[in-house]
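Student: I'd like to learn how to read salt bridges and a nonpolar core. Can you walk me through them?

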Amino acid sequence: MTADCVIQVINPNTSQAMTATIAGAARAVAAPGTKILAVCPPEGAPSIEGHFDEAIAAIGVLQQVKLGREAGVSGHIIACFGDPGLLAARELASRPVVGIAEAAMHMATLVATRFSIVTTLPRTLIIARHLLHQYGFERHCAALHAIDLPVLTLEDGSGLAQKKVREQCIKAKQHDGSGAIVLGCGGMADLARELTQELGIPVIDGVSAAVKMIESLHALGLSTSKHGDLDFPLVKPLSGMFGSFNG
């Protein structure tokens, strides 16, 4: 791995505690010489738990991608399981952009024929299903499970959310016929290694998976194609709050 790999890891919500969790998971798997730059938008939603939250978060993601591009990073990770703003970010970026849901699903298919997803609130299950169809993995996913707790309970110190994640992962292994489990929230990033050891099957965190994908693309000298729909956005004057994207 070349020494100049700098990966911008974007937590699309405004939680500094969750950003720190995500950063720790990214650094734990980063190769020597890879620098992790973990950021979150200064304004927006404190957690992302629906389509409305994702729409708000996408603007913050694009703002951070613009800053990362100006800083010359080697790639960008969108560290929310909804992958908010992913295609727009690829238009704006000059380097690869990987979403953690996309990365985790890809990685799961390399180590198992079927996988299960464990996420937070039941309402986000439909978003995960949309992504499965969008990425072409719907036939690989055996089942989806929700711990029925808000995202921020992963950071409240009670340990309840972590307990529920473990219970749902055990349930998935016992009943789904899956060979792997995908954790469906960036805030679960620090749980994958321990659960993999305990359950004896791959438990995949999308943050870690995305780091290794960006490193691989960087080492291969590959970036997002600018031929076709992912070419840079058409130049046009943007007004109001979007003026920061001009130039």
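Predicted model: local features only at pLDDT ≥ 70, side-chain atom pairs only at ≥ 80, totals over all residues.

Student: What lets two side chains pair up in the first place?

Tutor: Side chains of opposite charge can pair when their charged atoms come close. This structure holds 4 such salt bridges. Take Lys66 and Glu70, whose side chains meet with N and O 2.7 Å apart.

Student: How many residues apart are Lys66 and Glu70 in helix H2?

Tutor: They sit 4 residues apart, so about one helical turn separates them. Lys66 is buried, at 18% relative accessible area, while Glu70 is exposed, at 55%.

Student: Which parts does the Arg90 and Glu102 pair tie together?

Tutor: Those two side chains form a salt bridge at 2.8 Å, N to O. Arg90 belongs to helix H3 and Glu102 to helix H4, so the bridge ties together parts 12 residues apart in sequence. Arg90 is buried, at 14%, and Glu102 is buried too, at 12%.

Student: And how far apart in sequence are the parts tied by Glu198 and Arg166?

Tutor: Their closest N and O atoms are 2.6 Å apart. Glu198 is in helix H7 and Arg166 in helix H6, so this pair links parts 32 residues apart in sequence. Glu198 is partly exposed, at 39%, and Arg166 is partly exposed, at 37%.

Student: Now the core: which residues touch the most other members?

Tutor: The largest nonpolar core has 72 residues, and Met105, Phe115, Ile117, Val165 and Leu183 touch the most other members. Helix H4 gives the most to this core, with 6 residues. Looking beyond four places away in sequence, Ile117 touches residues including Phe81, Met105, Leu132 and Val182.

Key. Residues numbered from 1 in each chain as written. Heavy atoms only, no water. Core = buried A, V, L, I, M, F, W, Y, C linked by side-chain atoms within 4.5 Å. Buried < 20%, exposed > 50% of the residue type's maximum accessible area, 1.4 Å probe, protein only. Helix = DSSP H or I, 4+ residues; strand = E, 2+ residues; numbered from the N terminus. Contact = heavy atoms within 4.5 Å.
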